[in-house]
Amino acid sequence: MRRTRSSKTSDPRIKTTKWGTLDLPGGSQQTSLEGVYSGGDATRGGSTAINAAGDGKAAASEIAGEIPFTAAEIKEMVAKADDYTDKAAAPATILKKIDLSSGIVEFTVNSPVVAKAAQAGQFVRVLPTPKGELIPLTLADWDAKAGTIDLVIQGWARRAS
């Protein structure tokens, strides 16, 4: 019941019953908000897991029926998403290292997904070692066509004791 009340207060357009559950008009799992579906305790009140699972299946079937794509189009979209995921998950490789001055180094890194999406003022988060912490670095430059980004890093030299 608490979830239902918070749903009602978070969006007053959502219709509820006098018992505080979500009102589902006309044999559908869709609420009074277009594209928002519900089932289980939120619509039935205290109910059994079997009824809730059935509501979930009914909502999923209804949502699937509204998808405006053919199976072939969905397969193509999934293939593109897989390809993008593979590119984005590929380890970034340092292609070039230039010592600009004492303790300042510029790295050119192969990172096609970042290079393609890069905009002025953006940062990348770099994990320098497998057990290290992510550090934010400003994009110094990028080349979307070449799929590279440039990072300028100021370090420090350890002194011999």
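Which residues make up the largest nonpolar core? In this predicted model, that core has ten residues, namely V105, F107, V109, A115, A118, V124, L137, L139, I149 and L151. At least two residues of this core come from each of strand 2, strand 4 (135–143) and strand 5, and the greatest share is that of strand 2, which gives three residues.

Five strands form an open sheet in which the order is 1-2-5-4-3 and the pairing is antiparallel. Strand 1 (93–101) and strand 3 (123–126) are the edge strands, since each of them pairs on one side only, and from one strand to the next the twist averages 35 degrees. In general, the strands of a sheet pair through backbone hydrogen bonds, and the pairing may be either parallel or antiparallel. Strand 2 (residues 104–110) and strand 5 (residues 148–154) run antiparallel and are joined by seven bridges; V105 of the core stands opposite I153 in strand 5.

A115, another member of the core, touches W142, D143, A144, G147, T148 and I149, when residues up to four places away in sequence are not counted. Of these contacts of A115, I149 is itself listed among the core residues.

Elsewhere in the chain, L22 is placed in the loop between helix 1 (2–10) and helix 2 (41–44). L22 counts as buried because its relative accessibility is 8%, which falls under the 20% limit for that class. Although L22 and G40 are 18 residues apart along the chain, their C-alpha atoms are separated by 10.0 Å.

Notes
Residues numbered from 1 in each chain as written. Predicted model: local features only at pLDDT ≥ 70, side-chain atom pairs only at ≥ 80, totals over all residues. Heavy atoms only, no water. Helix = DSSP H or I, 4+ residues; strand = E, 2+ residues; numbered from the N terminus. Buried < 20%, exposed > 50% of the residue type's maximum accessible area, 1.4 Å probe, protein only. Pairing = 2+ DSSP bridges. Axes fitted to C-alpha atoms, helices over the stretch in contact; angles between N-to-C directions. Core = buried A, V, L, I, M, F, W, Y, C linked by side-chain atoms within 4.5 Å. Contact = heavy atoms within 4.5 Å.
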